[in-house]
Amino acid sequence: MTVIDYQARRQRGAELYAEIMGREAPAATSPRSAALLDFVFAEIWSRDTIGRRERRLITLACAGGADGHETLADHVYAALATGDLSYEEMQEVILHFAVYCGWAKAESFERILEEQWAVLHAERGTTVPAPGNEPLTTIPADQELRKQGGEQEFADVNWVPAPPRDVPYYDAGILNYVFGDLWKRPGLSRRDRRWVTIPCVGLDDSVGPIQSHVYSALRSGDISFDEMRELVLHFAAYSGWPKASFLQQTVDAMYARVLEETSSG
């Protein structure tokens with residue numbers, strides 16, 4: 001029988017909060033704030049199946065997608081303050097987030113990044129670097145070559161053939177930009193992009209994209225089955241158990257599909 005020392009758990013949660021968030025833990029003055037320490041930090045963030053970087057990416061996507069601006073600000077600050085994500089990586093996360101949750105939400109996310117970046121520099125007594133102009137894309141200017149590249153990237157990422165070009169959504173959107181440009185950008189690895197994409201589509205209750213991205217992450221080996229199950233647990237804490245329920249069902253179904261394909265192939 002496992003016996004939990006609840007006082008020790010509370011202390012562990014407070015210590016982990018301070019380590020992960022870069023600030024002193026809040027007082028446990030309500031059921032929510034107590035569970036934040038006792039469960040979310042002491043029992044979820046402490047798990048070792050996935051690393052802190054992966055948990056950062058899941059949390060940022062969940063908070064941004066839910067318009068949880070205060071929570072998002074706290075986690076943006078924490079990721080920067082601890083060095084888990086650089087400012088440049090955070091900008092790339094926001095761009096990827098924009099594609100999967102929309103530019104309107106991403107605009108708020110970017111504003112919060114700039115605010116927290118300024119707070120961190122003020123605390124450290126340093127000057128915020130002046131922003132520079134973004135370089136032009138290195139993607140081929142020849143639109144046929146760009147779309148051909150998008151078709152190949154789509155197949156590589158999703159493990160299914162690219163869709164036809166006879167619909168603007170696929171032609172101008174999916175093939176031309178999402179896979180013709182975004183997924184090819186070097187600012188984040190493909191594995192990093194998986195950790196942002198799956199929470200985003202999970203938040204949107206997008207059945208097709210949820211199934212597609214869970215399957216392809218497992219089939220490619222970018223995320224293992226155990227890591228994917230851990231993703232669902234962390235996602236549940238920040239996006240709720242009802243949404244995580246479907247995500248978990250999808251993980252089980254897609255893992256069974258992968259096992260069948262790999263065992264028969």
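**Salt bridges, helix packing and the nonpolar core**

A search of the whole structure, which is a predicted model, finds 25 salt bridges. Side chains of opposite charge can pair when their charged atoms come close. One of these pairs is formed by the side chains of D74 and R23, with an N to O distance of 3.7 Å. D74 belongs to helix α4, whereas R23 sits in the loop between α1 and α2, so this pair ties together parts of the chain that are 51 residues apart in sequence. Both residues are partly exposed, D74 because its relative accessible area is 24% and R23 because its relative accessible area is 33%.

A salt bridge also joins R53 and E89, whose closest N and O atoms are 3.0 Å apart. This pair, too, links distant parts of the chain, since R53 is in helix α3 and E89 is in helix α5, 36 residues apart. R53 counts as partly exposed, at 23% relative accessibility. In a further case, the side chains of E227 and R191 meet at 3.0 Å, N to O. Here the distant parts that are linked are helix α11, which holds E227, and helix α9 (residues 190–203), which holds R191; the two residues are 36 residues apart. E227 counts as buried at 15% relative accessibility, while R191 is partly exposed with a relative accessible area of 26%. Salt bridges that share partners also join E19, R52, R56 and D84 into one network.

Helix α4, which contains D74, was next examined for its length and its packing. The helix covers residues 69–82, and its 14 residues should span 20 Å at 1.5 Å a residue; the C-alpha atoms at its ends are 20 Å apart, so the model agrees with this expectation. Just after α4, G83 takes a positive phi of about 80°. The buried residues of the helix are L72, A73, H75, V76, Y77, A78, A79 and L80. The elements that cover these buried residues include α1 (6–21), α2 (31–45), α3 (52–65), α5 (87–101), α6 (103–124) and α11 (225–239).

In soluble globular proteins, nonpolar side chains tend to be buried together. In this model, the largest nonpolar core has 73 residues, and those with the most contacts inside it are F41, V76, M90, F109, V214, M228 and L231. The largest share of this core, nine residues, comes from α5. The surroundings of F109 can be described in detail. Neighbours within four places in sequence being left aside, F109 is in contact with L60, L72, V76, M90, V93, I94 and F97.

Two individual residues illustrate further contacts between parts of the chain. A98 is found in helix α5 and counts as buried, because its relative accessibility is 3%. When residues up to four places away in sequence are not counted, A98 touches W103 and A106. The C-alpha atoms of A98 and E110, which are 12 residues apart along the chain, are separated by 9.9 Å. T250 lies in helix α12 (residues 241–264) and is likewise buried, with a relative accessible area of 3%. Residues up to four places away in sequence again being excluded, T250 touches I210, Q211 and V214.

Finally, the cysteines were considered. A search of the whole structure finds zero disulfides. C101 is in no disulfide, and the nearest cysteine sulfur, that of C200, is 3.6 Å away. A disulfide requires the two sulfur atoms to lie within 2.5 Å, so the 3.6 Å between the sulfur of C200 and its closest cysteine sulfur, in C101, is too far for a bond.

Note on methods: Residues numbered from 1 in each chain as written. Predicted model: local features only at pLDDT ≥ 70, side-chain atom pairs only at ≥ 80, totals over all residues. Heavy atoms only, no water. Helix = DSSP H or I, 4+ residues; strand = E, 2+ residues; numbered from the N terminus. Expected span 1.5 Å × (residues − 1). Buried < 20%, exposed > 50% of the residue type's maximum accessible area, 1.4 Å probe, protein only. Contact = heavy atoms within 4.5 Å. Salt bridge = Lys/Arg side-chain N within 4 Å of Asp/Glu carboxyl O. Core = buried A, V, L, I, M, F, W, Y, C linked by side-chain atoms within 4.5 Å.
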